[in-house]
Amino acid sequence: MNPSNSEAAKAIEAQVRDSFSGLSSEALSQMTVSQFLGQALNILFESERNNFLRLSPTEKGNGGYERQLHAGSLPLDVIVPRVRSGTFRPSLLPPKYVRGFSDEMQSMLAGLLASSRSVAAAKTALSRMGLPYSGKDL
């Protein structure tokens with residue numbers, strides 16, 4: 001693994017930790033399943049954009065937009081990150097104009113929730129799901 005990939009992996013891991021570590025255990029226990037899954041998707045979307053930006057040095061991040069998705073009957077509020085050229089789209093996002101996840105994606109989200117007793121467990125679960133991320137990206 002070259003140093004830049006190692007640094008990127010550490011940065012993504014730190015971002016995931018920071019996103020959830022800012023919450024007290026009480027706040028985490030008060031989160032609904034919808035809120036937890038929405039936050040997890042936000043982290044994955046943002047990490048994927050960061051990786052995209054790292055590989056496209058001429059590209060710039062351009063905020064994000066709010067979108068509500070559904071995993072079965074669960075509404076998930078997410079923020080979809082953008083880039084200036086409009087060429088980035090998170091791979092986990094359903095197709096345009098579709099608000100719900102496929103059955104396979106719903107199963108993946110349920111598996112992520114069930115195995116997320118720690119950051120390492122979530123990372124292991126994601127790596128087993130065949131997502132388009134390398135081990136270094138996760």
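Me: Is Arg49 buried or exposed?
Reply: In this predicted model, local features need pLDDT of at least 70, side-chain atom pairs count only at pLDDT 80 or more, and totals for chains, interfaces and linings use all residues. Residues are numbered from 1 along each chain as its sequence is written, and side-chain values use heavy atoms, with hydrogens and water left out. Buried means under 20% relative accessible area, exposed over 50%, and partly exposed in between (1.4 Å probe, protein chains only). Arg49 has a relative accessible area of 9%, so Arg49 is buried.

Me: Which residue meets the side chain of Arg49 in a salt bridge?
Reply: A salt bridge requires a side-chain nitrogen of Lys or Arg within 4 Å of a carboxyl oxygen of Asp or Glu. A search of the whole structure finds 1 such bridge. Its N to O distance is 2.8 Å, and the partner of Arg49 is Glu46.

Me: In which element do Arg49 and Glu46 both lie?
Reply: Elements are DSSP runs numbered from the N terminus, with helices (H or I) of at least four residues and strands (E) of at least two. Arg49 and Glu46 are 3 residues apart, about one turn of the helix, and the element that holds both is helix α3.

Me: What class of accessibility does Glu46 have?
Reply: The relative accessible area of Glu46 is 23%. Glu46 is therefore partly exposed.

Me: How are the planes of Phe52 and Phe88 arranged?
Reply: Rings of Phe, Tyr and Trp (its six-membered ring) pair if their centres lie within 6.5 Å; planes under 30 degrees apart count as stacked, over 60 as edge-to-face and the rest as tilted. The count by this rule is 1 aromatic pair. With centres 5.3 Å apart and planes at 45 degrees, the pair of Phe52 and Phe88 is tilted.

Me: How many residues apart are Phe52 and Phe88?
Reply: Phe52 belongs to helix α3, whereas Phe88 is in the loop between β2 (74–83) and α4 (103–115). The pair thus links distant parts of the chain, and the separation in residues is 36.

Me: Which residue has its backbone oxygen 3.2 Å from a polar atom of the side chain of Ser34?
Reply: Ser34 is found in helix α3 (residues 33–55) and is buried, at 14% relative accessible area. Counting contacts as heavy atoms within 4.5 Å, Ser34 touches Leu74, Pro75 and Leu76, residues up to four places away in sequence being left out. The backbone oxygen at 3.2 Å is that of Pro75.

How values were computed: A polar contact is a pair of N or O atoms within 3.5 Å; within protein, one must be able to donate a hydrogen and the other to accept it, and residues adjacent in sequence count only if both atoms are side-chain atoms.
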